[in-house]
Amino acid sequence: MKDKDTIPDLPPEFKEIENLREEVPNVRFPVDALPPIMREMVESIAETTGTDTAMAATSMLSAVSYCFTGKYRMQGKPDHSETSAIYSLIIANPSERKSPVVKLIKKPFEDFEVEYNKEHAKEFHKREAEKKMLLNQADKLEKDGSEDTDFIAELRTKAEQIDDAGKRRIAIDDITPECMIQLMGRNKSLLMISDEAGMLGNFAGRYTGNIPNLDLLLKAWSGESFFCDRATKESVYIPNPYLSISLAGQPYLWDAMVSNAVFRNSGLLARFFYCFPISKVGSRRYDTESIEPSVIENYNALIQNLLENKFNSTDMVEKFLKFDEEAQQNYIDYYNGYIEKIQLTEFANCKDWGGKYHGQILRLCCIIHCVKCALGGFPPETESVSVDTLCKAIAIADYYKQQAIYAFNIGSVNNEILKAEKVLEVIKAKQIKECYQSALLKKCRFSIFNDPDDFYKTLQLLEDYGYVALDERVTGNNKPAVYVYTNPKIFK
């Protein structure tokens with residue numbers, strides 16, 4: 001039997017509980033892979049806000065992807081193509097300046113929306129009046145008992161063929177699933193961009209008794225047709241809905257999302273690019289270089305040009321972009337020689353994300369190629385996607401691969417860490433310096449643990465990291481027991 005004086009010394013140093021999680025990968029976003037104007041804006045935003053370039057780059061990729069949804073698809077092979085839509089989630093602690101970064105990227109989209117609606121106000125009202133007139137005429141004929149059902153049907157058909165009246169929406173923020181269905185029905189594509197990712201709770205059932213509503217989020221990632229039938233509301237059919245998402249939030253939001261069975265098992269989390277930007281808190285300066293007016297003007301002009309091309313086009317059929325011969329073979333070789341081989345190794349904890357990795361590369365190819373063509377002044381469909389574009393897309397995708405592996409790895413141990421944190425809170429609050437394991441369990445079990453074995457595993461984790469030391473004893477009744485010694489550093 002051991003006593004207090006004979007057990008091994010407690011470690012003089014131990015990891016903070018936050019560091020039980022894996023270290024954020026110290027990888028830099030490949031800014032040089034972005035097209036020139038995007039790159040300059042990303043670097044300028046990072047400089048003036050004192051943030052990692054990955055934060056601005058991630059938000060910008062999602063925002064710019066909206067400009068091409070419904071217009072272009074990137075083809076990997078005849079029976080596999082991807083839209084440009086990017087879903088992204090930035091995870092960073094408070095004070096990491098997520099809001100100013102997102103605001104700078106979002107502004108030209110909001111400005112375009114306001115100006116577009118001003119310029120087309122008369123057109124909106126005219127369509128609304130025409131639709132209302134046709135419906136009123138049909139209603140009057142039915143009320144008067146007209147037997148000309150063909151003409152009544154013709155009036156209602158014409159009314160249905162007129163786009164729903166209403167101002168165009170581009171950027172949406174805090175929104176419910178029901179409202180997004182209505183806006184998507186009128187606009188066909190939307191950009192969800194916000195510095196608060198908490199809105200996803202609306203889709204998890206925040207206002208509907210925990211009944212999730214993820215259908216449109218899932219389908220709008222690839223433009224899959226969406227039907228919504230409700231007993232008390234008119235049915236909604238959207239042939240090809242498209243959504244781009246750029247959200248930012250604090251670590252607890254990712255903890256909640258990855259532990260949510262609906263989010264995890266639906267495949268929603270597998271659709272996102274994740275960004276855990278390198279923190280610069282503690283080394284930032286106030287007297288940083290402001291963004292050059294020309295950089296902002298160039299970025300705003302690029303977005304203006306891309307949105308004008310999106311909305312002024314009369315061709316509603318998506319155009320397919322294709323690799324040139326060299327790029328096509330390189331993409332095939334990269335998939336066969338690398339991507340498929342890491343599905344069961346590097347993607348072991350995120351197989352669903354890994355299964356979409358090759359498609360994400362195609363989406364990045366679509367964005368980079370389309371922006372390149374816009375800067376060159378020619379339509380994207382007139383030129384094949386080159387090896388250079390493919391290499392840049394792979395460089396960016398590799399960054400997000402490392403981020404995703406980290407995200408899902410910390411997610412897989414998240415519950416263990418949370419339980420360890422709770423046990424330490426009890427130990428600190430009650431100033432427990434030593435006690436029997438069974439006594440500590442009684443203090444914790446009702447609020448944390450229902451299964452004693454689960455509690456024992458948590459104590460083992462705390463011992464591994466030096467928070468406690470465990471000593472096997474024999475009690476006065478000759479029964480084995482475990483005695484717990486708390487590292488005194490905890491109370492400092």
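A contact means heavy atoms within 4.5 Å.

Two notes on method apply throughout. Residues are numbered from 1 along each chain as its sequence is written, and side-chain values use heavy atoms, with hydrogens and water left out. Because the model is predicted, local features need pLDDT of at least 70 and side-chain atom pairs count only at pLDDT 80 or more, while totals for chains, interfaces and linings use all residues.

**Overall make-up**

The protein has 18 helices and 13 strands. Helices (H or I, at least four residues) and strands (E, at least two) are DSSP runs, numbered from the N terminus. Of the 492 residues in the protein, 48% are buried. Buried means under 20% relative accessible area, exposed means over 50%, and partly exposed lies in between (1.4 Å probe, protein chains only). The protein exposes about 24800 Å². Carbon and sulfur atoms supply 49% of that area. Accessible areas come from the Shrake-Rupley method with a 1.4 Å probe; for residues, only the protein chains shown count as cover.

**Salt bridges**

A salt bridge is a side-chain nitrogen of Lys or Arg within 4 Å of a carboxyl oxygen of Asp or Glu. By this rule there are 18 salt bridges.

| Pair | Closest N to O distance |
|---|---|
| Asp 139 and Arg 156 | 2.5 Å |
| Glu 224 and Lys 219 | 3.3 Å |

Arg 363 lies in helix H14 (residues 357–376) and Glu 82 in strand E2 (residues 80–83), so the pair ties together parts that are 281 residues apart in sequence. Both Arg 363 and Glu 82 are buried.

Next come Asp 139 and Arg 156, also joined by a salt bridge. Asp 139 sits in helix H4 (residues 121–143) and Arg 156 in helix H5 (residues 149–161), so this pair ties together parts that are 17 residues apart in sequence. Asp 139 is partly exposed, at 37% relative accessible area. Arg 156 is partly exposed too, at 24%.

Then there is the pair of Glu 224 and Lys 219. Glu 224 is partly exposed at 40%, and Lys 219 is partly exposed at 23%.

Salt bridges can also form a network. Lys 106, Glu 110 and Asp 173 are linked in this way.

**A cavity**

Rolling a probe the size of a water molecule over the atoms shows where empty space is left. On a 1 Å grid over the protein atoms alone, a cavity is a set of points where a 1.4 Å probe fits but cannot get out; lining residues have an atom within 4 Å of a point. Grid points are joined across faces, edges and corners, and a volume is the space filled by probe spheres set on the points.

The count comes to one cavity of 30 Å³ or more. About 30 Å³ of space lies in the largest cavity. Its lining is made up of Pro 177, Met 180, Ile 181, Phe 203, Asn 213, Leu 214, Asp 215, Leu 216 and Leu 217. Helix H6 (177–187) and helix H8 (215–219) are the elements that give two or more residues to this lining. By class, the lining has seven nonpolar, one polar and one charged residues. Here Ala, Val, Leu, Ile, Met, Phe, Trp, Tyr, Cys and Pro count as nonpolar, Asp, Glu, Lys and Arg as charged, and the others, Gly among them, as polar.

**Gln 437 and Val 484**

Gln 437 lies in helix H17 (residues 437–444). At 13% relative accessibility, Gln 437 is buried. Not counting residues up to four places away in sequence, Gln 437 touches Phe 455, Tyr 456, Leu 459, Val 482 and Val 484.

Val 484 belongs to strand E13 (residues 480–486). Val 484 is buried, with a relative accessible area of 1%. Val 484 and Leu 459 are 25 residues apart in sequence and 8.9 Å apart in space, C-alpha to C-alpha.

**Positive phi angles**

Ser 95 is not a glycine, but its phi is positive, near 75 degrees. Ser 95 lies in the loop between strand E3 (87–91) and helix H3 (98–119). Gln 431, not a glycine either, has a positive phi of about 50 degrees. The loop between helix H16 (414–429) and strand E11 (434–436) holds Gln 431. Gln 431 is partly exposed, at 46% relative accessible area.

Terms used. On a 1 Å grid over the protein atoms alone, a cavity is a set of points where a 1.4 Å probe fits but cannot get out, and a pocket is an open set with protein on both sides within 12 Å along at least five of seven lines; lining residues have an atom within 4 Å of a point.
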